[in-house]
Amino acid sequence: MLFRIQAICWLIILAVSSPLARSEVFINELSDKKIGDKKQKSMRGNSFSIWGGVTQGQDGRPVVDMTPFGVDDRASDFIMGFDIDYWWKMKKFPIQTGIGFEGSFMATELAATRDFLDTSVVPPAEASDSFSANANGAIFLLNAHIALDLHRYRARLRGLSRLKPYVGGGVGGAQFWFRDTVTMYDPSSTVMSTPFAVDEFVFAYKYFAGVEVMVNEKVSVFAEYQNYFFDGLDNVKDLEVGSWVGGIKLIYEAKTDLEEEEE
C-alpha cells in the first residue's frame with residue numbers, strides 16, 4: 001500500500017513539473033531572443049582610412065597645338081589619400097551603408113602618339129607626332145558606399161565572416177596641374193617644349209569596388225579598384241584614370257541604439 005502511494009505521488013510530481021520545465025525553456029528562449037535582438041540593434045560609427053597605390057588605365061582626348069591625340073593606356077606613378085566616413089548597419093539585413101569625405105593626390109604622366117602621312121617629303125612617308133606631360137591632381141569628393149556585412153553570420157561562416165565586399169561612388173572636384181609638356185616630330189627627331197600648362201579646378205567623380213578584411217572590431221585592411229573621371233579641362237577632354245589601391249581603416253567611435261538609449 002505504501003509503495004502505491006509513493007508511486008502515485010511521483011506521477012503527480014512528474015505531471016506537474018514537466019509543463020513547468022517546458023515553460024521555463026520557452027521563457028529562456030524568449031529571453032535569449034530579446035537579448036539577441038538587443039545585440040542586433042542597428043550600429044553606427046565613424047572611421048578614418050588611409051590608402052595608396054598606382055594609377056592605371058588612362059583614357060582621354062588631349063589637344064596640343066591644335067592637334068588632337070588619344071591618351072596611351074598605361075600604368076604610371078602613384079595615388080594616395082584618406083577618407084573620413086560615417087556609417088551604419090541595418091537591423092534586419094546584413095547591409096552596411098556609409099557616407100564620407102575623400103581627399104587624395106594623384107601624380108601621373110599623360111602620353112600619346114598620332115600617326116599620319118607626311119607629305120612634306122618626297123616621296124610621302126609615314127610619320128607620327130607624340131607628346132607627354134606630367135599631370136598632378138588634388139581631388140576632393142563626397143563618397144557613398146554599400147557593403148555586405150558578413151560578420152553577422154560569423155558563427156556559420158567563421159573565417160569568411162571577416163570579409164566585407166563593397167561598392168560605391170563619389171562626386172566633387174579636382175585641382176589639376178599639367179607641367180613639362182614635350183612634343184616630338186619623328187622624321188626630324190626634333191624634340192621641343194610646347195606652352196601647355198594647365199592650372200584649373202574641374203568637376204570630378206568616381207566609382208570604386210573592393211574587399212575589406214576585419215582584423216578586429218577596431219581595425220581593418222582593404223584592397224580597392226577606383227576609376228576617376230574629370231570633366232572641364234581646357235586641353236584634355238574626358239580624362240579618365242583608373243587606380244589600384246590598398247589601405248587601413250581605423251574605427252574610432254561606434255555605438256548601438258541600445259547604448260545611446262542608456263546614455
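The side chains of K89 and D149 meet in a salt bridge, with 3.6 Å from N to O. A salt bridge here is a side-chain nitrogen of Lys or Arg within 4 Å of a carboxyl oxygen of Asp or Glu. The pair links distant parts of the chain, 60 residues apart. K89 sits in strand β3 (residues 76-89), and D149 in the loop between β5 and α2 (154-157). Helices (H or I, at least four residues) and strands (E, at least two) are DSSP runs, numbered from the N terminus. Both K89 and D149 are buried. Buried means under 20% relative accessible area, exposed over 50%, and partly exposed in between (1.4 Å probe, protein chains only).

The structure is a predicted model, in which local features need pLDDT of at least 70, side-chain atom pairs count only at pLDDT 80 or more, and totals for chains, interfaces and linings use all residues. Residues are numbered from 1 along each chain as its sequence is written, and side-chain values use heavy atoms, with hydrogens and water left out.

A search of the whole structure finds four salt bridges. Another of them joins the side chains of K206 and E102 at 2.9 Å, N to O. K206 counts as buried because its relative accessibility is 6%. E102 also counts as buried, at 0%. The side chains of K249 and E212 form a further salt bridge (3.4 Å, N to O). K249 lies in strand β10 and E212 in strand β8, so this pair ties together parts that are 37 residues apart in sequence. Both K249 and E212 are buried. Side chains of opposite charge can pair when their charged atoms come close.

The protein contains three helices and 10 strands. Along the sequence, the pattern is α-β-β-β-β-β-α-β-β-β-β-β-α. Of its 263 residues, 36% are buried.

The largest nonpolar core has 28 residues. Such a core is a set of buried Ala, Val, Leu, Ile, Met, Phe, Trp, Tyr and Cys residues joined through side-chain atoms within 4.5 Å. L110, F176, F178, Y228, F230 and L239 touch the most other members. Two or more core residues come from each of β4 (95-118), β5 (125-148), β6 (163-185), β8 (198-214), β9 (219-231) and β10 (236-256). The largest share, six residues, is from β5. Residues up to four places away in sequence aside, L110 touches Q58, V71, F131, S132, A133, A135, F178, V236 and L239.

V167 lies in strand β6. V167 counts as partly exposed because its relative accessibility is 44%. Beyond its neighbours within four places in sequence, V167 is in contact with A144, H145, I146, F208 and A209. The C-alpha atoms of V167 and V211 are separated by 8.8 Å, although the two residues are 44 apart along the chain. D238 lies in strand β10. D238 has a positive phi of about 55° and is not a glycine. At 47% relative accessibility, D238 counts as partly exposed.

How values were computed: Contact = heavy atoms within 4.5 Å.
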